[in-house]
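Dear colleague,

Please find below the structure for your review. A summary of the side-chain contacts follows it.

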Amino acid sequence: MEYQELKHEFEPVWNQDSQVLILGSFPSVKSREQGFFYGHPQNRFWKVMAAVVGEQVPMTISEKKKMLLQHHIAVWDVIQSCRIKGSSDSSIRDVVPVDLTPLLEKSAICSIYANGKTAERLYNRYLLPQTGMPVVVLPSTSPANAAWNLEQLVSEYKVMERYV
């Protein structure tokens with residue numbers, strides 16, 4: 001598979017009431033096709049978040065946005081553009097990070113979580129100096145993280161319950 005030079009093509013989900021920010025690394029091929037976060041059918045993000053906030057699993061982009069915003073959750077990625085092979089986080093090169101300043105200045109974000117170790121590593125390298133806010137790493141909801149089942153993921157993500 002060849003490297004592609006790609007730019008993040010969709011906006012973050014957030015509003016002025018958002019208290020929690022969950023950051024991924026960069027959208028997968030399926031997410032890029034759908035134009036929204038965590039679009040791979042085997043990614044457990046939406047099941048995990050629905051369980052954490054006590055809602056039905058949202059199916060449409062509109063339902064997903066509504067669930068996040070009703071529970072003060074913002075979602076974005078660390079990378080604005082990069083070179084990548086398919087969806088492989090390990091292939092990411094030439095990172096240009098997003099600018100979190102407008103989101104952090106205009107929201108009530110008080111806690112930042114990384115969906116997986118790659119997002120944590122990239123955040124610490126590129127965004128921590130900008131934000132000064134530490135990130136809490138959570139296990140990746142990606143299907144590539146087969147070591148974690150849904151129940152274990154939900155248990156770990158409940159660390160954000162006090163905000164949502």
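**Side-chain contacts in the predicted model**

Trp 46 counts as buried, at 5% relative accessibility (buried means under 20% relative accessible area, exposed over 50%, and partly exposed in between, with a 1.4 Å probe and protein chains only). This is a predicted model, in which local features need pLDDT of at least 70 and side-chain atom pairs count only at pLDDT 80 or more, whereas totals for chains, interfaces and linings use all residues. Residues are numbered from 1 along each chain as its sequence is written, and side-chain values use heavy atoms, with hydrogens and water left out.

The aromatic residues may be taken next. The structure holds 6 aromatic pairs. The rings of Phe 45 and Trp 46 have centres 4.9 Å apart and planes at 90 degrees, so this pair is edge-to-face. Rings of Phe, Tyr and Trp (its six-membered ring) pair if their centres lie within 6.5 Å; planes under 30 degrees apart count as stacked, over 60 as edge-to-face and the rest as tilted. Tyr 38 and Trp 46 are likewise edge-to-face, because their planes stand at 75 degrees, with ring centres 6.5 Å apart. Phe 45 is buried, with a relative accessible area of 0%, and Tyr 38 is buried as well. Ring pairs join Phe 10, Phe 36, Phe 37, Tyr 38, Phe 45 and Trp 46 into a cluster.

Turning to charged side chains, a search of the whole structure finds 2 salt bridges (a side-chain nitrogen of Lys or Arg within 4 Å of a carboxyl oxygen of Asp or Glu). One of them links Asp 94 with Arg 83, the closest N and O atoms being 3.1 Å apart. Asp 94 belongs to strand β5 (residues 93-97) and Arg 83 to strand β4 (residues 79-84), so the pair ties together parts that are 11 residues apart in sequence. Helices (H or I, at least four residues) and strands (E, at least two) are DSSP runs, numbered from the N terminus. Asp 94 is exposed, at 53%, while Arg 83 is partly exposed, at 28%.

Arg 83 also lies over the face of Tyr 3, at 4.6 Å from the ring centre; this requires NZ of Lys or CZ of Arg within 6 Å of the ring centre and within 35 degrees of the ring normal.

Glu 33 forms a salt bridge with Lys 30, with 3.8 Å between the closest N and O atoms. The two are 3 residues apart in helix α1 (residues 29-34), and therefore separated by about one helical turn. Glu 33 is exposed, at 56% relative accessibility, and Lys 30 is partly exposed, at 37%.

Yours sincerely
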